[in-house]
Structure formats: structure tokens, C-alpha cells
Amino acid sequence: SLKRLLVTESMGERVIVIGTGLAGLTAACELLERDCNVVLLDKKSHLGGNSSKATCGIAAPGHALQKAAGIEDDGADLMIPASKELVSEGAKDVEWLTKGLCIENELCLRLTPGHGGKKRIVATKDHFPGMVVTYAAIEALKRLEKYKPDCLQIMGGHEVVRLIMDGKKVTGVECKDSKGEMKTFQGTILLATGGYAGDASPGSILATHAPELALLPTTNDERTNGDGIRLGMEIGAGTKDLDAVAVYPLAVVMPGRETERLKFVTSEAISGAGGVIIGADGKRVCGDLDREDVREKAMTKARQPCRLVIAEELTQEVMWLCEFYVQKKVMNYYENPARLAHEMKVKTEVLEELFGTGPLYSCKVTRALYACAGGLLVGGGGQVLNPQGEHIQGLYAAGEVAAAPYKEIWGVSGVPLLHAIHSGRKAGLSVAELIKGKDAPIVQDLRSLIISSVTAPKSTVSKNAEGEGGAEDPNKELEHLSKDELIEKIKDLMANGGGGGGNAAPAAPAGVTMAEVAQHKTKDDAWVVINGEVLDVTQWIPVHPGGEQAIMAYVGQDATEEWNTIHKPGTVEKNMKYLVSKGKLSTGAAPAGGGGGGGAAAPSGFADLATVAQHNKKEDCWIVVNGQVLDVTKWIPVHPGGEQAIMAYAGMDATEEWNTIHKPGMVEKFAKTDTGPVILGPLIGGSTPAPAAGGAVDDSAPPPEGNGGIPGPIGAVIFLGINTAIMLLKTIFFTGNVKFGFDNNRNGTIRSAIFLLVFTIVHAGGNFVDFWHGGPAEVNGETYFFDRQHLDELTAYPLLQIPAGAVEIYLLLGLMLHVSVALKRSWDISMNYCLSSGRWNMMLSGLVVLTFLMKHLMDFRFYTGYQFTEINAPKYWIAFDRLIEGMIWTEKEGADMAQKVVVRDVYSREFELFQDKGVVLFYVGAVLVFVTHMVLGWAKLVPSDALQIPRDHQKKVIYLGWLAAVGIGAMYASMPIAAMYMTPLEVKHVPAPAE
């Protein structure tokens with residue numbers, strides 16, 4: 001762009017740092033402290049390099065964190081002649097960088113293998129350290145670029161294709177941008193392009209110099225292909241130890257990518273916390289804290305596959321890591337060693353000996369290439385040397401592109417990252433001394449530079465030689481401006497916006513913009529957009545059937561997709577007494593600033609990139625992902641990848657980085673959580689998302705206001721009874737779910753729930769009375785009551801030879817409807833929420849209840865081992881003459897209405913079954929889950945339109961339902977517990993009836 005061209009021309013003598021991994025970022029920070037002009041180039045638009053994926057931390061013996069913890073550490077175990085400076089000075093470099101980036105409060109110490117049992121790894125508390133440090137540096141440098149564009153340029157998507165030589169001196173680079181256009185940059189070159197372990201193709205550095213290693217998987221992506229080394233070799237640079245590549249023992253396979261060469265890295269911190277590598281026989285493979293090279297060699301001798309296993313009780317410091325890996329499906333959680341032993345086909349005792357009897361985390365691990373110790377031949381200050389040891393003027397290198405002189409300790413965890421920081425700072429200092437002279441002074445330390453960039457005013461206009469702001473003559477034609485005047489003109493336009501030139505653009509179409517909607521996002525002033533209409537929902541929040549949070553999660557936003565998933569058409573119109581329409585959502589946006597092209601139509605969308613760029617602070621942060629503008633302010637503190645992963649793209653289009661890391665649909669998934677990103681609307685010029693499909697149709701009126709004319713608890717009971725009866729009549733055939741298809745209309749769950757609840761109350765009450773009052777005769781008599789209703793007992797008609805009665809069939813249909821609609825609603829609505837959101841509670845508890853019901857039916861309804869007894873069954877099914885005694889199912893001996901029948905002895909079966917304590921515990925536990933399910937469901941059901949409970953009575957009805965749920969649970973639980981301890985009454989058994 002013209003702006004970049006002009007700024008580049010104004011930068012004077014520059015240093016071109018190629019690569020934005022930890023080494024390149026460190027070198028840039030060192031150069032900027034010493035007032036050097038820097039251009040940062042990276043072949044990828046998303047910056048950070050392979051360093052951003054580092055999961056362990058930085059080995060830093062003698063770090064301030066160790067001293068604060070009382071740990072004396074001179075790094076003697078890492079000390080060899082070549083590593084003396086790295087070990088003695090490296091910790092100071094780490095402290096300088098992290099303090100300068102203002103992230104020292106995010107750091108902690110971790111114990112990892114290879115360090116003699118000492119905590120010396122500097123890591124981050126609850127995010128991956130590579131991501132935190134690199135993204136903090138990227139964010140800081142991007143802010144600094146805006147603050148001091150004449151000192152720093154950051155240009156992603158620029159792949160260097162060759163180094164430019166002037167005689168024996170490197171004077172610049174030629175690169176290709178993302179559009180394929182060639183560009184040239186002049187200046188001193190500092191290579192920080194990383195290693196070569198990501199490319200094993202024929203002719204690659206790895207395949208040429210270490211062909212046996214090229215056969216292994218790798219933890220490096222395609223960025224680490226040795227391109228920086230090849231650039232140096234093309235102009236005569238020497239190389240060293242290109243066969244030296246560290247092999248990592250804890251690489252795992254990404255789900256769905258089992259055949260890919262690229263593997264996922266599990267953190268060494270898990271091994272430091274107590275993780276153990278075991279073979280397929282369940283035996284320990286190596287020492288937990290052995291160096292990487294020792295452990296990976298031991299793995300080659302073990303039975304495969306190997307596993308990393310850690311007992312849950314040891315995971316306190318690394319629990320977030322284990323949970324992250326479980327979420328990514330690279331690690332599994334096991335309730336006890338027996339489950340893992342079953343999977344591994346080994347004896348449980350073998351694992352219990354290592355891990356105890358508690359829960360475990362485990363993943364399959366394999367050996368994979370990790371970090372490269374070989375690279376370009378360099379001097380002590382990062383100067384690139386030819387094979388004869390002579391410095392190639394104008395060329396420096398740092399990080400993995402430069403050969404590390406201490407390959408003997410390269411396989412120790414955290415050393416490669418320490419090398420990146422230390423070598424990056426040294427190379428940066430060497431280049432600064434080349435440009436500024438020996439002992440180049442620090443003009444402004446890194447921390448104050450960053451703080452200055454953060455606190456700088458939004459508009460800073462440089463002054464010309466006469467002290468006046470901007471160009472001398474604002475009306476002067478561009479072709480007549482000098483270079484300095486043109487630079488001032490560009491800066492002025494950047495600071496104050498475009499102006500003049502042509503007629504103003506016409507106003508945007510009439511309507512409310514998303515920017516206006518976004519301003520109304522409090523409980524006292526809440527707007528949402530539904531199907532293109534802007535609604536003030538402030539008055540609806542207190543009475544919303546789904547609770548306040550269901551609305552508050554979408555205030556100030558377009559809630560169309562979520563709304564249409566849950567609600568039926570017409571719901572907005574039905575509740576207009578609580579809603580205020582603010583008009584239609586505008587399909588365009590008003591032009592920003594003053595001026596522009598004559599007669600241009602207002603672009604469609606929520607905001608343009610210039611507007612997005614203004615929201616680049618932690619407390620007000622927008623980004624763009626796939627054409628949608630997102631407000632990620634609430635998401636920053638809880639983002640799984642750490643704050644810096646978002647802040648590195650604040651106010652920018654993060655699409656490429658997002659799509660590199662995340663699966664499709666992740667924006668929408670996180671947006672449905674209370675602390676996730678808020679989708680504000682489409683980017684101006686971006687595509688518009690497809691409208692959401694409509695929901696199921698229902699014409700129920702909203703619940704009536706007030707108390708319905710009957711105040712107090714009596715009114716609550718009356719309305720509950722009336723509307724429950726209505727729901728029972730509509731249980732199955734009037735729900736609207738089945739229409740030559742199947743949808744998620746909640747009426748199916750509501751009406752079937754009412755029927756099932758009523759049946760449950762009757763069933764629990766009947767069983768309770770029979771068991772505690774009626775004795776064996778009544779228990780067995782109730783069973784016979786249902787048996788004699790079987791259709792095959794009532795009729796000889798062939799099509800009705802069904803061993804079940806009308807009540808059982810209706811109950812089965814109601815249950816099937818309830819379960820199927822509930823599962824469909826959970827699939828449509830709740831699947832994208834995490835467990836902690838609470839949106840899975842109903843589905844999970846319901847599945848437990850369904851499992852219990854199936855077991856209960858197998859224990860009683862379909863049990864085939866019954867004994868038989870005789871009872872005096874009522875002639876007309878119910879003993880009307882004994883109702884006052886509490887006896888319903890049997891007559892007295894010799895009564896006129898009695899008839900002797902042989903029936904199943906369910907009473908004795910109960911006492912037999914519940915002698916097993918395990919069965920009793922299962923039944924009681926399932927009853928508790930059932931009560932929980934009823935309590936949760938009732939609170940959702942009562943305010944629904946379908947039940948029509950007046951609003952003033954809804955809380956009372958909820959409390960009545962909860963009381964009933966507890967009573968039902970108590971009655972159900974009492975019977976198995978009593979049967980386990982009571983002596984059963986005597987039952988006289990008789991032969992089974994003839995078929």
C-alpha cells in the first residue's frame with residue numbers, strides 16, 4: 001500500500017527480522033530498545049511461529065521465581081563448556097523479556113523431567129506458555145507499530161525467496177506477498193525462521209541429512225521446513241549438525257488424523273507432576289524424571305503402544321492441562337485402574353501397584369521429532385559464518401535456524417525455548433551494535449516502550465521542520481508534494497480520517513443499526529434482534545418463562561438463530577404486551593467520517609474494518625472471523641488459549657488464524673455461552689449468514705396475568721388441577737410433533753411429562769400404601785389389576801392378542817414421545833453448550849432415569865422366575881366395599897364379590913431382589929436422580945404457555961411440584977430400603993396356573 005511504501009522509505013537504516021517465533025520476537029524487542037528501525041516479516045499471516053505451540057515452558061536456572069521460592073540453582077547439571085553462557089545468563093534474558101511484556105504475574109515454576117528433580121521450568125499458570133509469551137509479544141509489537149510506524153513494521157504473508165547480495169555483503173531480501181507480488185526490502189538481515197523438522201519430503205534437509213529420523217512422526221507443522229537455512233546456504237553460509245534433531249517421547253495422535261505425520265504434543269509438566277510412561281504390559285518404561293533422550297530410547301524397547309498415565313490425585317497443578325487434553329480427545333479419563341486395565345487387557349493389580357485405586361488420566365504416546373539443534377553456522381553474536389568461519393556481512397541468525405553449540409543438552413525440556421530467547425537477544429544486540437556502534441545504548445527499555453504505546457493518544461500528528469502540523473499547504477496537489485510532505489499527509493489522513501472530495505454518500509436505509517442495538521445490553525435497557533425486527537425486551541426479562549439469563553445472554557445482539565431453534569412462529573406477537581418494537585434492523589451502515597466517493601451507496605453490514613480497529617482494548621475488544629464482527633470482551637478472561645491469543649488480533653480480522661486452529665461452527669458454539677463471543681453482525685463487504693430455520697408451530701396463548709381471580713394457595717392448587725387435567729387429555733394426539741415428520745416442539749415433552757407425572761404420583765402412592773398397609777395380598781392384587789386388563793385376556797380378536805393393557809400401552813406411547821422429543825430438543829438446542837452451562841442437566845438426568853426404568857421393568861414386569869399365590873380378586877376389578885379400609889385390590893375371604901385367582905407373587909419378589917445391597921443402592925440413587933429430574937423439569941414446565949398457570953401463582957405451583965417430587969422420592973426409596981432389613985410376611989405359594 002502507499003502508506004506502507006511511504007513509511008518504509010522514512011525508516012532509514014533498518015533491520016529486517018525474518019520470522020516471528022520466539023527468537024525473532026525477542027530480537028525485535030532488543031533492537032527496538034536500542035532505537036533501531038525494524039521490519040518483521042513472516043511467510044504466514046498468523047504470527048508466532050512454532051514457538052506459539054510450546055506446552056512445557058522455559059528452562060531458566062537461577063530465575064527470580066526460584067529465588068523467591070528459596071530454590072538454589074546454578075544449573076550445574078546443564079553446564080558444559082559450550083552452554084556456560086546460556087545457563088548463567090539465560091534466566092536474566094527470560095526475566096527481561098517477560099517483565100518487558102508485562103506478563104511476569106502470569107508465570108509460575110513447574111517441575112519437568114531432565115532437571116534433576118528441581119523446579120526450574122518457567123511456565124504459565126493456566127495456559128500454554130508458548131502461546132502466552134509469543135502472543136504477548138505480538139500484541140505489544142502491533143501496538144508499538146501503530147504508535148511508532150516509522151520505527152516498526154510487521155508484515156505477515158511475506159515469504160522471503162532470496163537474499164540480496166552486494167559483493168560479499170547481504171543488503172536486503174526479495175519476498176513474495178500473499179497476492180504473489182514481489183517486493184524488495186533493504187537492510188541488515190536477521191534470520192529467525194525456525195528449524196526443519198516439519199518437512200521430510202525427498203530432498204528436504206531432514207531427508208538428506210537424517211534419513212532415519214525422517215521416518216518418524218513430527219510435532220512441527222509445515223512452517224518449520226528449513227527455508228531460512230536454505231536461504232543462507234544459497235549465498236555460501238556454512239551449516240553444522242544437521243542430523244541433530246531431538247526426539248520427543250510424549251507425542252500423541254490427534255483424533256481423526258491418525259495417519260498424518262503431524263502429532264500433538266502433551267506437556268512435560270504432566271510427567272513432572274507424577275505422570276508415568278507405561279508399556280502395553282502395564283509396566284513402567286523409564287524413570288518419570290529422566291531426560292527426553294533417555295525416555296524415548298527406553299520407549300523403543302517397550303511393548304507398544306506406550307501410554308502416559310497420571311493418577312487424578314496428582315493432577316492438582318496440571319488439572320487444567322488434563323481437562324484440556326480430555327476436551328481435545330487426546331487423553332481419556334478412567335474412573336479406576338480396572339477400566340484402563342480392561343482396555344489394555346492387563347491385570348488390574350499391575351496398574352494399581354503404580355497408580356493406586358483412584359481415577360486416572362491416560363493417553364497413548366509415541367516418539368516424534370521435536371526441535372532441531374543443527375542449523376546455520378554462527379558466531380558468538382549470531383553472525384552467520386561461511387564454512388571457513390568467516391562472517392558473511394549483513395547476515396545474522398537466531399533460534400533453531402542457527403546451530404546450537406550445546407546439542408548434548410538439547411534434549412532437556414525447556415532448553416530449546418531458552419536458546420530461542422537467549423540467541424535472539426544476543427543476535428539483536430550484535431546487529432544494534434553494528435548500526436549504532438559498540439555498546440549501543442538502551443534508549444527506552446522494552447516495558448516503558450510498550451506502556452507508552454498503550455497509553456499513547458489515538459491521534460498523534462508529526463510536525464514538520466517549521467513546527468507546524470501536517471503538510472504546509474493542505475490544498476497542494478499530491479504530485480507537487482515533497483516526500484516529507486507526502487509522508488505528513490498520509491499520517492494526517494491516518495490520524496484524522498479521510499475528508500473532502502465529492503458529494504457525501506446518501507444516508508443508510510431507514511432502520512435501527514446493529515451498532516445502536518449493541519448499546520442496549522443491560523438488564524434495565526435491553527434490546528435484541530429477532531428475524532430482522534429490533535425489540536426492547538426490558539419488561540419481558542422478569543417474566544420470561546425460560547428465566548432471565550435466557551434473554552440476558554443475547555441482549556444487544558441478533559438472537560434470531562437461537563430464538564428460532566427454541567420458539568414457534570408467532571411467539572413475538574403473542575408476547576407483545578411485554579415487548580416494544582423499535583423498528584426494522586437497518587440493512588446498511590452510515591458512512592464513517594466525512595466524505596468519500598460521490599454518490600456511493602452505503603455498504604451493507606454491521607461495521608467496517610476501520611470501525612473494528614477502534615475496539616482493540618482488553619475492556620472493549622472486537623475481532624472479525626469469517627465475515628462476522630465479534631465482541632470478544634467477555635471471552636478474553638476465559639478463553640482456553642489464554643488472553644494473549646485473542647489480544648494478538650484485537651481490532652483485526654483473525655479469520656486465517658481462527659480457521660487454522662478451530663473447527664467450523666466453533667464461533668456459534670462459544671457464542672451460546674454466557675461468557676463467549678457476541679456476534680454483532682456481518683463485516684461491511686462480507687457475506688451475510690443464511691437465515692436460521694423456523695421452529696415448530698404452536699398457537700398457545702401466554703399464561704394469564706394476575707391470579708386468575710382466585711388468590712392464594714387455593715387458587716394455585718385449583719389452576720394446577722384444571723390445567724393438569726387439560727394436559728392429560730392432550731398428552732399424545734394433540735402435541736403437534738408428528739406431521740409426516742418429526743420436530744422439537746416442546747409441547748410433546750410438556751404434555752407427556754404431565755401424564756407421566758400424574759401416573760408416577762398414582763403409582764408411587766399405590767405401591768407405598770400396598771407395601772406398608774395392604775401387605776402381600778394388596779401388592780399382588782395390584783399386579784393382577786393390570787394383568788387382567790391385557791388385551792389378549794379381554795378379547796379373542798386376532799389383532800388384539802397383546803399381553804398389555806390400554807393403560808400400559810398409553811403409558812408406553814407417552815414415554816416414547818417424552819424421550820424422543822426431549823432428545824431432539826437437546827440435540828437441536830443444547831449440544832453446543834459445555835457441561836458447566838447446565839444445559840445438559842435435563843438430558844443427562846433423563847437418560848439415567850430411562851436406564852433405571854428399563855432395569856426396573858426387567859426386574860418386575862418382564863421377570864420370568866415368579867412364584868405364584870392365590871388372592872380374592874374383586875369381581876369388578878376394584879373392591880369398592882373395602883375402600884374405606886384402604887384395601888382396593890382384594891376382597892375378604894368368602895365375600896360375595898370375591899373370586900379366587902392364581903397370580904404372580906410380586907411381594908416375595910421384592911424382598912428377594914432387595915436383599916442385594918448393590919441393587920438397593922442403585923434403586924435409591926436412581927430415585928434421587930429422578931427427583932432431581934422432576935425438580936428441574938417442573939421449574940421449566942410451570943411458566944410455559946402450554947400449562948396456562950396465572951403468573952402470580954407460578955412460584956406457588958413450582959413449590960407444590962417440588963414438594964410432590966420429594967414425597968414421591970421418599971415413597972419410592974422407602975420400599976427397597978425396608979425390604980432389605982424387614983422380615984417379609986408369610987405368603988402361601990401354589991402351582992403356576994395352566995397355560
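Guide: What follows sets values against cut-offs, one label at a time. The model is a predicted one.

Visitor: What is the overall make-up of the protein?
Guide: The protein has 31 helices and 32 strands. Of its 995 residues, 51% count as buried. The accessible surface comes to about 45700 Å². Carbon and sulfur atoms account for 58% of that surface.

Visitor: Why is Ile-714 called exposed?
Guide: Exposed means over 50% relative accessible area. Ile-714 has 61% relative accessibility, so Ile-714 counts as exposed. Ile-714 is placed in helix α24, residues 712–729.

Visitor: Which residues make up the nonpolar patch on the surface?
Guide: The patch consists of Ile-714, Ile-718, Ile-722 and Ile-726. Together they have about 340 Å² of accessible area. In soluble globular proteins, nonpolar side chains tend to be buried together.

Visitor: With which residues is Leu-97 in contact, leaving aside neighbours within four places in sequence?
Guide: They are Leu-22, Thr-26, Cys-29, Val-133, Ile-421 and Leu-446. For the protein, among contacts between residues at least 6 apart in sequence, 73% join residues at least 24 apart.

Visitor: How do you know that Cys-36 is in no disulfide?
Guide: A disulfide needs cysteine sulfur atoms within 2.5 Å. The nearest cysteine sulfur to that of Cys-36 belongs to Cys-151, 9.7 Å away. The structure holds 0 disulfides.

Visitor: Are Cys-36 and Cys-108 buried or exposed?
Guide: Buried means under 20% relative accessible area. Cys-36 has 3%, so Cys-36 is buried. Cys-108 has 16%, so Cys-108 counts as buried too.

Visitor: What makes Arg-120 and Asp-73 a salt bridge?
Guide: The cut-off from nitrogen to carboxyl oxygen is 4 Å. The side chains of Arg-120 and Asp-73 meet at 2.8 Å, N to O, so the pair qualifies. Arg-120 is in strand β5. Asp-73 is in the loop between α3 and α4. The two residues are 47 residues apart and link distant parts of the chain. Arg-120 is buried at 0% relative accessibility, and Asp-73 is buried at 11%.

Visitor: Why are Glu-808 and Arg-861 called partly exposed?
Guide: Glu-808 has 23%, so Glu-808 is partly exposed. Arg-861 has 23%, so Arg-861 is partly exposed. Glu-808 and Arg-861 form a salt bridge, the closest N and O atoms being 2.9 Å apart. Glu-808 lies in helix α27 and Arg-861 in the loop between α28 and β30, so the pair ties together parts 53 residues apart in sequence.

Visitor: What makes Glu-885 and Lys-892 a salt bridge?
Guide: Their closest N and O atoms are 3.8 Å apart. The limit is 4 Å, so the pair counts. Glu-885 is partly exposed at 33%, and Lys-892 is partly exposed at 47%. Elsewhere, salt bridges that share partners join Glu-30, Arg-34, Asp-93 and Arg-425 into one network.

Methods:
Residues are numbered from 1 along each chain as its sequence is written. This is a predicted model: local features need pLDDT of at least 70, side-chain atom pairs count only at pLDDT 80 or more; totals for chains, interfaces and linings use all residues. Side-chain values use heavy atoms; hydrogens and water are left out. Patches are made of residues with over 30% relative accessible area and no salt bridge: like charges are joined within 9 Å, nonpolar side chains (Val, Leu, Ile, Met, Phe, Trp, Tyr) within 5 Å. Accessible areas come from the Shrake-Rupley method with a 1.4 Å probe; for residues, only the protein chains shown count as cover. Helices (H or I, at least four residues) and strands (E, at least two) are DSSP runs, numbered from the N terminus. Buried means under 20% relative accessible area, exposed over 50%, partly exposed in between (1.4 Å probe, protein chains only). Contact means heavy atoms within 4.5 Å.
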